[in-house]
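User: I have a structure to go through. Can you take my questions one at a time?
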Amino acid sequence: MHPSRAWGLCLLVLVWGAQAPTLPAAEAEPPPAADGRSVFEATQQPDAELLAAPIVGAEQGLKDVVQFTSRRVQRLPEFRSVPEWEAYRESLRQALLERVVFRGVPAAWREGATQV
């Protein structure tokens, strides 16, 4: 860092620190509740009804997965004949091989002669 930037940064920190608001001093002990407990103890008691209520329903996980995948998985087209399905199947197979299985593998290595 250039020395002039360092001095500027120090000046900024000093000026900002001098203008930062100060927080009021906290009381040493909060006043007790009516039954003699501290405010912390009175407000931190667990509520049985609140804790018994389910946060996430039993079916929520399945709903989330269905919603997530339904937006990302393409629907299959409707096929009216077997040859139409077979043509689609072969094109889909070739696309998956090229885009997923052989991704990043050089074609010369993949299609080269084997020495087995």
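User: Where does Q60 sit?
Analyst: Q60 is in helix α4, residues 60-70. Helices here are DSSP runs of H or I with at least four residues, strands are E runs of at least two, and both are numbered from the N terminus. The model is predicted: local features need pLDDT of at least 70, side-chain atom pairs count only at pLDDT 80 or more, and totals for chains, interfaces and linings use all residues. Residues are numbered from 1 along each chain as its sequence is written, and side-chain values use heavy atoms, with hydrogens and water left out.

User: Which side chain does Q60 contact?
Analyst: The side chain of D64, through a polar contact of 2.8 Å. Such a contact is a pair of N or O atoms within 3.5 Å; within protein, one must be able to donate a hydrogen and the other to accept it, and residues adjacent in sequence count only if both atoms are side-chain atoms.

User: Switching to rings. How many aromatic pairs?
Analyst: The count is 3 aromatic pairs. F79 and W85 make an edge-to-face pair, with 5.2 Å centre to centre and 70° between the planes. The rule takes rings of Phe, Tyr and Trp (its six-membered ring) with centres within 6.5 Å; planes under 30 degrees apart are stacked, over 60 edge-to-face, and the rest tilted.

User: And why is the pair of F79 and Y88 called tilted?
Analyst: Because the planes of F79 and Y88 are at 45°, with the ring centres 5.1 Å apart. F79, W85 and Y88 form one aromatic cluster.

User: Which residue lies over the face of F68?
Analyst: R72, at 3.8 Å from the ring centre. The test needs NZ of Lys or CZ of Arg within 6 Å of the ring centre and within 35 degrees of the ring normal.

User: How many salt bridges?
Analyst: The structure holds 1. The side chains of E90 and R93 form a salt bridge at 3.9 Å, N to O; the criterion is a side-chain nitrogen of Lys or Arg within 4 Å of a carboxyl oxygen of Asp or Glu.

User: Where are E90 and R93 in the fold?
Analyst: Both are in helix α5, 3 residues apart, about one turn of the helix. E90 is partly exposed at 37%, and R93 is partly exposed at 45%.

User: What about V101, buried or exposed?
Analyst: Exposed, because V101 has 52% relative accessibility. V101 is in helix α5, residues 82-101.

User: Last one: what are the overall totals?
Analyst: The protein has 6 helices and 0 strands, in the order α-α-α-α-α-α along the sequence. Of its 116 residues, 1% are buried.

Note on methods
Buried < 20%, exposed > 50% of the residue type's maximum accessible area, 1.4 Å probe, protein only.
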